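Subject: Handing over the structure

Hello,

Here is the structure I promised to pass on to you. Please open it first, and then read my notes below.

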Amino acid sequence: MKRLVILALALITFQANAQDNKKEKRQENKKERLEQRQNLDPQDMAQLQTKKMTLHLDLTEVQQQKVMALNLENAKKRKENFDKRLAEKDNKERVKPTKEEKLERMNAKLDAQIAAKKKMKAILTAEQYTKWEKSLSKREHGRKHMKRGLKNKKEHQKEELNDN
């Protein structure tokens, strides 16, 4: 009986240590990705995104040029906002934004997304646009789950089955 208790405690301890290591690795990976993103300039970011979209959506040369211009514009805005947030974060006397500032920031972000969708709709064919929107929704769906953190794998699997 004592052996079983000792064995159970050893297994529980081992499992807890393994979970801690996973969290640490995730945090390290997140830091690495952040550093990599900081090192890329907007031109490189736009070029990578355009190539991925070309592979995924089978874009023509003309579409690639238009999408590249749109991606470059968006990448410059993202990089500018990222640098601004990084500067604010480094500032020791930083003040939390008010509700109005948060609302304004969210409205600006959503307006930019709407404008980008309209431009993309003008560039892509109907079939490409639906495929692109579907990939956007999958990515957004994944982000929501990463933020919230699913407690139960079965719950996540049920949601995936319902989506399909």
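What follows is a short tour of what was found.

A word on the ground rules before we start. This is a predicted model, in which local features need pLDDT of at least 70 and side-chain atom pairs count only at pLDDT 80 or more, while totals for chains, interfaces and linings use all residues. Residues are numbered from 1 along each chain as its sequence is written, and side-chain values use heavy atoms, with hydrogens and water left out.

Let me begin with the overall fold. The protein chain has six helices and zero strands, so its pattern along the sequence reads α-α-α-α-α-α. Helices (H or I, at least four residues) and strands (E, at least two) are DSSP runs, numbered from the N terminus. Of the chain's 164 residues, 15% count as buried. Here buried means under 20% relative accessible area, exposed means over 50%, and partly exposed lies in between (1.4 Å probe, protein chains only).

The buried residues of H3 are Gln63, Val67, Met68, Leu70, Asn71, Leu72, Ala75, Lys79 and Phe82.

Now to the charged pairs. Side chains of opposite charge can pair when their charged atoms come close. A salt bridge is counted when a side-chain nitrogen of Lys or Arg is within 4 Å of a carboxyl oxygen of Asp or Glu. The whole structure holds three salt bridges.

- Lys77 and Glu73 meet through their side chains at 3.5 Å, N to O. They are four residues apart in helix H3, which means a separation of about one helical turn. Lys77 is partly exposed at 43% relative accessible area, and Glu73 is partly exposed at 32%.
- Lys119 also forms a salt bridge with Glu73, with the closest N and O atoms 3.1 Å apart. This pair links distant parts of the chain, with Lys119 in helix H4 (residues 99-123) and Glu73 in helix H3, 46 residues apart. Lys119 is partly exposed, with a relative accessible area of 37%.
- Glu133 forms a salt bridge with Lys117, and their closest N and O atoms are 3.1 Å apart. Again distant parts of the chain are linked: Glu133 lies in helix H5 (residues 126-148) and Lys117 in helix H4, 16 residues apart. Glu133 is partly exposed at 28% relative accessibility, as is Lys117 at 34%.

Through shared partners, salt bridges join Glu73, Lys77 and Lys119 into one network.

Which residues gather in a patch of negative charge on the surface? They are Glu24, Glu28, Glu32 and Glu35. Patches are made of residues with over 30% relative accessible area and no salt bridge, joining like charges within 9 Å and nonpolar side chains (Val, Leu, Ile, Met, Phe, Trp, Tyr) within 5 Å. Glu35 is found in helix H1 (residues 2-39) and is partly exposed at 48%.

There is also a nonpolar surface patch of about 680 Å², made by Met1, Leu4, Val5, Leu7, Leu9 and Leu11. Met1 sits in the segment before H1 and is exposed, with a relative accessible area of 77%.

Enjoy exploring!

Best wishes

Technical notes:
Accessible areas come from the Shrake-Rupley method with a 1.4 Å probe; for residues, only the protein chains shown count as cover. Lys and Arg count as positive and Asp and Glu as negative; His and the chain ends are not counted. The place of a charge is taken as NZ of Lys, CZ of Arg, CG of Asp or CD of Glu.
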